[in-house]
Amino acid sequence: MSLAPGREALDVSWDFEWWNTGSFEARGFFSHLQAGWAKAEHRAYVGLLERSGRRVLFDAGYAPRFHDCAAPRLASIYRWATPATIPAGSSVRERLAGRKVDQLLLSHWHADHTGGLLDIPEASVWRPFSSHEAVRQEALSACAPLKGILAGQFPDDLPGRPGASLSARLRDVEAAPPMALPVGRWPFLSVLDGSCRDVFGDGSLATVDLPGHALGHYGALFQTQLAGRPVLDLLCGDAVWDERELTAGWTRGPAALFGFHSLGAAAETTRLLRRLCAAAKACGRERDLYVLPTHCRLAASRFVAAGGRE
């Protein structure tokens, strides 16, 4: 599949819903130094995209199995640090209600992004190949929970043991061709030049390299409709945890030391996203771009207030 002659990338709209699969509360300063002592809620959103009979999920969020997987030994430290509340009806399996998923865009393998992985066994799983062997080894390690990994949420063959069922479904984000972004229509996208890949081969969605939080971490960029007008959504995973890192100069607290692959790369990714938001504002297009971090209730509320769906 390829971009049809005369078409440019990101020129079709996906139906999009931003689902909250659960949350945990922690003292604000734990995640952001400016947040103070009061408890802050950190949700775990996943994105459902639908278009022309194709159904795509961005991440798999929390699922009830998280509590069992986070019970034994060192895993209980993860549960203590992020005491998840998972309301009935909020998991991917329950929200899908029997609908099949064609593609799963898995930003990274941390436990609050993989809870529903076992509930979509039919989906092709797009993951960064660079994380493949590292995550497999981490999943086999007794210290995996200290790196944000709960192997009990993975299929029995782990993330891609050769010859097993999950291996046949794995797709390599990093092998997808680069995407030429439509900067004539969306001039602020020039900031992301060289960072985007055309994973589906038809220009309908770009993955965006957002390294630092985890090995190979990435987001998804696509067009949708809000109140009858086209806008761009960037699902940025854990590249930032709160949109105020981009708009108000907030900095991460001690939680940033837990499970991060590279603090230096994460800081550079934050600067990239700040430049993107600033570029949209500079050309008067800030209402045309919604950056949605997985854990940010504030960004989700702003999206819903503009006509988006949860």
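Cys283 is partly exposed, at 36% relative accessibility (buried means under 20% relative accessible area, exposed over 50%, partly exposed in between; 1.4 Å probe, protein chains only). The model is predicted: local features need pLDDT of at least 70, side-chain atom pairs count only at pLDDT 80 or more, and totals for chains, interfaces and linings use all residues. Residues are numbered from 1 along each chain as its sequence is written, and side-chain values use heavy atoms, with hydrogens and water left out.

The structure contains zero disulfides, a disulfide being a pair of cysteine sulfur atoms within 2.5 Å. For Cys283, the closest cysteine sulfur is in Cys277. It lies 12 Å away, too far for a bond. Cys296 is in no disulfide either; the nearest cysteine sulfur, in Cys236, is 8.7 Å away. Cys296 is buried, with a relative accessible area of 2%.

The protein chain has 10 helices and 12 strands. Helices (H or I, at least four residues) and strands (E, at least two) are DSSP runs, numbered from the N terminus. The radius of gyration is 18 Å, close to the 19 Å from the globule rule for 310 residues, so the chain is as compact as a globular protein of that length. This radius is taken over C-alpha atoms, and the rule is 2.2 Å times the number of residues to the power 0.38. Along the principal axes, the C-alpha atoms fill a box of roughly 55 × 50 × 35 Å.

Buried residues account for 55% of the 310 residues. The accessible surface is about 12,600 Å², and carbon and sulfur atoms hold 55% of that area (Shrake-Rupley method, 1.4 Å probe). Contact means heavy atoms within 4.5 Å. Of the contacts between residues at least 6 apart in sequence, 67% join residues at least 24 apart.

Phe222 sits in strand β10 (residues 218-226). Phe222 is buried, at 0% relative accessible area. Phe222 and Ala71 are 151 residues apart in sequence; their C-alpha atoms are 37 Å apart.

Asp156 occupies the loop between α6 (132-140) and α7 (165-169). Asp156 is exposed, at 75% relative accessibility.
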